[in-house]
Amino acid sequence: MAPFTLAVDAKSSSAFSSESSKRMQNLQLEPKKFFASVNAQEEKPFDFLRLLFEGVIAGGTAGVVVETALYPIDTIKTRLQAARGGGQIILKGLYSGLAGNLAGVLPASAVFVGVYEPAKQKLLRTFPENLSAVAHLTAGALGGMAASFIRVPTEVVKQRMQTGQFASAPNAVRMIVAKEGFKGLYAGYGSFLLRDLPFDAIQFCIYEQLRLGYKLAAKRDLKDAENAVIGAFAGALTGAITTPLDVIKTRLMVQGSANQYKGIFDCVQTIVRDEGPSALLKGIGPRVMWIGIGGSIFFGVLEGTKRFLEQRRPQNRTVLKPE
């Protein structure tokens with residue numbers, strides 16, 4: 001029996017060696033992934049309406065919380081960018097226009113996340129596993145485009161009030177339409193898209209990629225505080241990169257009927273000629289601080305609200321049966 005036993009052991013050893021060799025070959029052939037990846041096939045079934053509903057609720061909640069908490073910093077940033085030359089910055093009325101702005105921020109944030117979440121999940125299922133960054137970039141741009149139809153009039157009214165042109169949101173809307181027509185509410189729309197589409201795409205891509213990488217390394221779901229820290233970093237970095245675009249957008253939106261700038265390129269040329277290239281970085285301090293803190297609050301509240309809603313889905317509720 002001993003020779004038979006040895007023969008079996010030899011075959012097992014040979015099979016094991018062959019299997020190990022195949023595994024090593026597969027590892028060598030596997031392409032390197034430069035971005036964090038997610039296998040969408042292992043995710044839950046795609047439910048568009050559920051993702052849309054939860055995205056709308058979570059986005060609206062996060063947007064309102066952030067805007068209310070950080071509105072004074074945003075006002076200071078706007079006044080710094082709108083000031084020409086060495087004009088003084090007034091620190092009164094830092095909450096001017098908040099109520100009217102919330103009326104726009106709530107639906108805009110709801111629309112953004114309501115579009116972003118289903119688009120992200122669908123794209124993650126469509127793109128190869130190692131192209132998750134492209135899915136996040138594309139979903140962020142789609143969400144920003146959808147929300148821009150609400151964001152731009154809200155931003156125009158808010159910034160006109162922050163710079164002291166109007167005392168109330170209804171009065172601002174009425175006067176803008178009377179003097180500039182309905183298109184006045186969409187002043188600077190092109191520059192807004194030039195700023196916000198890259199901003200949304202980059203910020204959400206950085207956030208999602210860092211979150212995925214951290215989650216894979218930690219081998220667990222992340223806590224709200226961890227999501228908040230990642231959101232703060234993503235927001236601050238993206239805010240710094242896109243500051244020149246924000247300055248251009250602000251100048252075009254607050255110019256009113258004066259039309260001192262003919263367009264985006266004329267605005268850039270005029271600012272650089274009259275005030276120097278450094279003027280394109282006006283307000284970078286308050287902007288980075290505002291968006292960094294805002295990213296922390298937004299993503300912390302967003303993920304917390306999404307988890308809260310997910311736990312209350314019908315299939316996740318525990319039904320206690322009587323014994």
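## A loop residue with a positive phi

Lys219 is found in the loop between helix 6, which covers residues 189-218, and helix 7. The phi angle of Lys219 is near 60°, a positive value in a residue other than glycine. With a relative accessible area of 75%, Lys219 is exposed, because exposed residues are those over 50%. This description, like the rest of the report, refers to a predicted model.

## The chain as a whole

The chain holds 10 helices and 0 strands, and its pattern, read along the sequence, is α-α-α-α-α-α-α-α-α-α. Of its 323 residues, 44% count as buried.

## How helix 6 packs

Two packing partners of helix 6 can be described. Helix 3, made of residues 98-126, packs with helix 6 at an angle of about 55°, and the two axes are 13 Å apart. Helix 3 and helix 6 are therefore oblique to each other, and their crossing is right-handed.

Helix 10, residues 284-311, is also a partner: the axes of helix 6 and helix 10 come within 13 Å and cross at roughly 55°. That angle makes helix 6 oblique to helix 10, and helix 6 passes helix 10 in a right-handed crossing.

Gly143 is found in helix 4, which runs over residues 132-162. With a relative accessibility of 0%, Gly143 counts as buried, because the cut-off for buried residues is under 20%. The C-alpha atoms of Gly143 and Phe112 are separated by 4.4 Å, although the two residues are 31 residues apart along the chain.

## Salt bridges

The count comes to 23 salt bridges. In one of them, the side chains of Arg151 and Asp196 meet with a distance of 3.1 Å from N to O. This pair links distant parts of the chain, since Arg151 is in helix 4 and Asp196 is in helix 6, 45 residues apart. Asp196, at 6% relative accessibility, counts as buried. Arg151 and Asp196 also belong to a network of salt bridges whose linked residues include Asp74, Lys77, Glu155, Lys158, Arg195, Asp200, Asp246, Lys249 and Arg287.

Two further pairs can be followed in the model. Glu226 forms a salt bridge with Arg220, and the closest N and O atoms of this pair are 2.7 Å apart. Glu226 is buried, with a relative accessible area of 14%, whereas Arg220, at 35% relative accessibility, counts as partly exposed. Glu275 forms a salt bridge with Arg251, where the closest N and O atoms are 3.0 Å apart. Glu275 lies in helix 9 (residues 264-275) and Arg251 in helix 8 (residues 243-254), so this pair ties together parts that are 24 residues apart in sequence. Both Glu275 and Arg251 are buried.

Leu210, Phe233, Leu237 and Ile241 make a nonpolar surface patch of about 360 Å². Helix 7, residues 224-241, gives the largest share of this patch, with 3 residues, and Phe233 has its place in helix 7.

How values were computed
Residues numbered from 1 in each chain as written. Predicted model: local features only at pLDDT ≥ 70, side-chain atom pairs only at ≥ 80, totals over all residues. Heavy atoms only, no water. Patch = residues over 30% accessible without salt bridge, like charges linked within 9 Å, V, L, I, M, F, W, Y side chains within 5 Å. Areas by Shrake-Rupley, 256 points an atom, 1.4 Å probe, with all protein chains shown as cover. Salt bridge = Lys/Arg side-chain N within 4 Å of Asp/Glu carboxyl O. Helix = DSSP H or I, 4+ residues; strand = E, 2+ residues; numbered from the N terminus. Buried < 20%, exposed > 50% of the residue type's maximum accessible area, 1.4 Å probe, protein only. Axes fitted to C-alpha atoms, helices over the stretch in contact; angles between N-to-C directions. Parallel < 35°, antiparallel > 145°, perpendicular 65-115°, else oblique. Left-handed = near helix turned anticlockwise from the far one by under 90°.
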